[in-house]
Amino acid sequence: MSFESVLNESEFSAIILENRSAYEQDLIEFNELLQADYLFLGVKKAHSISVLIGLSHNSSIPQMEYELKGSPCESVLITGPCGYESDVCVHFSEDQTLKAINAEGYLGAGLFNEKRRDIGVLVAVFKTPKKDISEWLQVFSLQAKLFSTQLQKDFFATKTAHNLSLIDEISRMSHTGSWEFYPETEKLIWSPETYRIHDLPIDSEINIQKALDFIAPDYLAELTFAFENLRYKQCPYDIQCQIIDSSSSVRWVRASGKAELYKNGAVKRLFGAFEDITEYKTALILSADRAKKIQSILNNINDAVFSIDTRGTITHCNDVALKMFGYTRGELLAQSVEVLMPEPYASNHAFYMRNYMETGVGKIIGVGRQLPAKRKNGDIFQMELSLSESSDLGEKGFIGVIRDISERIEAQDTIYNLAYTDPVTHLRNQQWFHQRFKDLMLRASMNQEYIHILLLDIDNMAQINTRFGFGNGNYAIRKVAEQLLFVIGHDYEIFKYGGDSFVVLSKKTYRKEDLHKFDASLVESALLSPRHFDIVINSVKWSLTASLGSAIFNPQGQSFESIINVIEQAVKRAKKSAPFGLCHISEDGFKEFDRYLDIKSKLEQAIESDELSIVLQPQVTHDGTVSSFEALVRWYSKELGPVSPGEFIPIAEESYAICEIGDIVLRKTLNVMSNFVKAGLNTTIAINISARQIVMPDFINSLLSRVNQFGIPPHRLMLELTETALVVDIELVKETMLELAKFGFRFSIDDFGTGYSSLAYLKVLPISELKIDKYFVDDIGKDFDGKAAQIVDAILEMAKALNVTCIAEGVETVEQLNYLKGKGCERFQGYYFSRPEPEAYWAELKQNPTLP
């Protein structure tokens, strides 16, 4: 740097390059809001702009230069900040740089020094039109001013540091001896004063070894190490040590050393100073001995102790005081005690001091008080101050004893925050929400008013934690929280609800005729906007998704627990439509939840009282021959009547009940198979195995025990697994499947194409069959763009590649059947052939019957 008095272009460039990472980070953070395709910070040259830092979608790009003439930057430096929503290349047809990057929108603002002379530009370029360019222009201009201010600050900081270094070195060398050493020639040069300190004739022959011979033995290792560090690592030193001069007198000296380097970094010379501090050191040791006892006492108490004179000047303090206020002793002594006070206490202190000296009346003398105090860094903290008068050699003064009670107060705040604040997002937590919600329910119930509550749950958060770690996972949650807090508006408040969920609660309540004032759809849309879930982690943009449950209800007659359960169920339903699924529940939804609770409470009873049964749906070949069956569970409740599997199976999957149902289905299916075998119908029956069931520790032994009990060959049982079951614990599932395959069990992948299975796993698993989900079969011939048919084709080709059978479920029309036959599907299942029927219906069939 040239260190001119005014920031110019060369200083600008040097500062940016020296602090590149900090300025680049500032650009990245600004661009997270602006979302520019390109963001440049450049310095002005004679006829061009040199880009010092450039970003393309928050990635660094190499430095470059472009001509000012005919560019919008030329206009910025002449007329001030400007912005173009679109067609910037049309406005500046000569600017080849803009054409090269296909620019549409543009923002530019100048950077100026303290003389208001332009020295650079801040530029943003958008590859698509920026419709809100006028709204951003003022913000962009302000950002440019902030960069100008930071540049000026860094410039003055560097300049000041340089000047202080020169002054400090001059001060060190005043009235002291100096030395120089040139490594290239091993030449050591002493000044006359240095020779005098060592009691040697001036110009006596001297070298490094002779110089070190004067160092007292106790300090030789320290000084030798310091000199070697200076010579080979350019580490300066400043040491107080003893020397033994040529007349054998012991002297105290202050030795310092620095290095001067060539431009290539090599050492040009070493230089420093010798200051004879013998008299000072002797007096200091005597004084230190006297003060040591007093200081030792003061330093061994836990409170800060200050002595001040009648003018309010600090004359003494202990180590605790220095640590408490963040000053060094040199910074604090001889300063006014006002530096330890925040306003308005600092401004009023002189008046109170003068009033006390005149009247002798002071409310604080001899009385402990809690007051605010100010540390060196500006932090304000609470203290307990005890002040008393003192006298030293006839001079009146004051002694202040200060106890920092901020930790005690902070501990109280911490306990509160631990109880009611989420540590990751700093939002109010579930505890606070419960209290707030109960209060709101009570108020709404009394006034016959309605409440709006929403529960948002981030989908697949485990993927972020697995890929980037829990630290980055917490960062993602925190960034999402910041975005949601920004969009909920003044009529709602947000709470952290679970590990990756948030609850949003209306602050206002409304009567039924005013429910439209909730504007529920607006809030729901705002919360589910995908842009709130785009997170940058380790320079990688990761797009999260979320599911939202929403309910408007009258809390009268509802319990807190029932409402929470309803909104949680709403989120579960919303996840079925993920990503960004939404389930809005009206008052009818609460009736549905009552049904949910009813089913849940009676399901265990149904299992115990054997209310569950199975029906069989045939699986047929091309010619209509029944090749196998699928066993499907049914429940006819004594109290509820028939309950659909679509209702009770998802509820059962929430608990161990699904495993109990699985065991019932297996037992009843094996009994049917045993009866079929006795009747001469040797067929295969497929049963569904749940994700929770297959990972049970005793699943293999239990299954083997069952088939042995009924005498059924394992190959007669087809175990159907959903893709979801595969990914619950893929390694454990794989191990279980391979072990069972050894005994002859066969496996089918149910609902194929709707889940998350990896093709790599499908390749190594012992799969005999892929089952095309009804979801895709339903749309054959209906979707005009042919997507369903394309997916079906892909699954059939995959089955061929894996050398497994393919079966299509949900076949209901001849059109679907013919299409599937034409594509090579081997077996079919659906209402086109038969509905699921009980065992008795199929009991009279002969071996390999043909359906009409």
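Let's start inside a helix: Val-665 is found in α22, which covers residues 657–678. Helices here are DSSP runs of H or I with at least four residues, strands are runs of E with at least two, and both are numbered from the N terminus. Val-665 is buried, with a relative accessible area of 8%. For that label, buried means under 20% relative accessible area, exposed means over 50%, and partly exposed is in between, using a 1.4 Å probe and protein chains only. Val-665 and Ile-689 are 24 residues apart along the chain, and their C-alpha atoms are separated by 9.6 Å.

A word on what you're looking at. This is a predicted model, in which local features need pLDDT of at least 70 and side-chain atom pairs count only at pLDDT 80 or more, while totals for chains, interfaces and linings use all residues. Residues are numbered from 1 along each chain as its sequence is written, and side-chain values use heavy atoms, with hydrogens and water left out.

Now for another helix, α29, which runs over residues 787–802. (The expected span is 1.5 Å times one less than the number of residues.) Which residues of α29 are buried? They are Ala-788, Ala-789, Val-792, Ile-795, Leu-796 and Ala-799. Looking down the axis of α29, these buried residues fall within an arc of 120 degrees, so they line one face of the helix. The arc is taken from the directions that lead from the helix axis to the C-beta atoms. An α-helix has 3.6 residues a turn, so residues three or four places apart point the same way. On the face of α29 turned away from the buried side you'll find the exposed residues Lys-787, Gln-790 and Ala-801. Following α29 comes Asn-803, with a positive phi near 60 degrees.

Next, the charges. Side chains of opposite charge can pair when their charged atoms come close. The rule used here asks for a side-chain nitrogen of Lys or Arg within 4 Å of a carboxyl oxygen of Asp or Glu, and by it the model has 37 salt bridges. Take Glu-331 and Lys-376, whose side chains meet in a salt bridge at 2.6 Å, N to O. Glu-331 sits in helix α12 (residues 329–332) and Lys-376 in the loop between β15 (369–374) and β16 (380–392), so this pair ties together parts that are 45 residues apart in sequence. Both ends count as partly exposed, Glu-331 at 33% relative accessibility and Lys-376 at 45%.

Arg-436 makes another salt bridge, with Glu-493, and the closest N and O atoms are 2.5 Å apart. Here Arg-436 belongs to helix α15 (residues 430–446) and Glu-493 to strand β19 (residues 492–498), so the link joins parts 57 residues apart in sequence. Arg-436 is partly exposed at 21% relative accessible area, whereas Glu-493 is buried at 17%. Lys-774 and Asp-778 pair up as well, with 2.9 Å between the closest N and O atoms; Lys-774 is partly exposed at 32%. Elsewhere, Glu-180, Glu-260, Lys-268 and Arg-269 are linked in a network of salt bridges.

Rings of Phe, Tyr and Trp (its six-membered ring) pair if their centres lie within 6.5 Å; planes under 30 degrees apart count as stacked, over 60 as edge-to-face and the rest as tilted. That gives 30 aromatic pairs. One of them is Phe-433 with Tyr-497: the ring centres are 6.0 Å apart and the planes at 80 degrees, so the pair is edge-to-face. Phe-433 is in α15 and Tyr-497 in β19, 64 residues apart, which makes this a link between distant parts of the chain. Phe-433 is buried at 0% relative accessibility, and Tyr-497 is buried at 12%. The two also belong to one aromatic cluster with Phe-437, Phe-495, Phe-553 and Phe-560.

Rings meet charges, too. A charge sits over a ring if NZ of Lys or CZ of Arg is within 6 Å of the ring centre and within 35 degrees of the ring normal. Arg-116 has its charged end over the ring of Phe-112, 4.5 Å from the centre, and Lys-281 does likewise over Trp-252, at 4.8 Å.

Last, the cysteines. How many disulfides are there? The count is zero, with a disulfide taken as a pair of cysteine sulfur atoms within 2.5 Å. For Cys-825, the closest cysteine sulfur is in Cys-806, 4.7 Å away and too far for a bond. Cys-825 is buried, with a relative accessible area of 0%, and Cys-317 is buried at 0% as well.

Key: Expected span 1.5 Å × (residues − 1).
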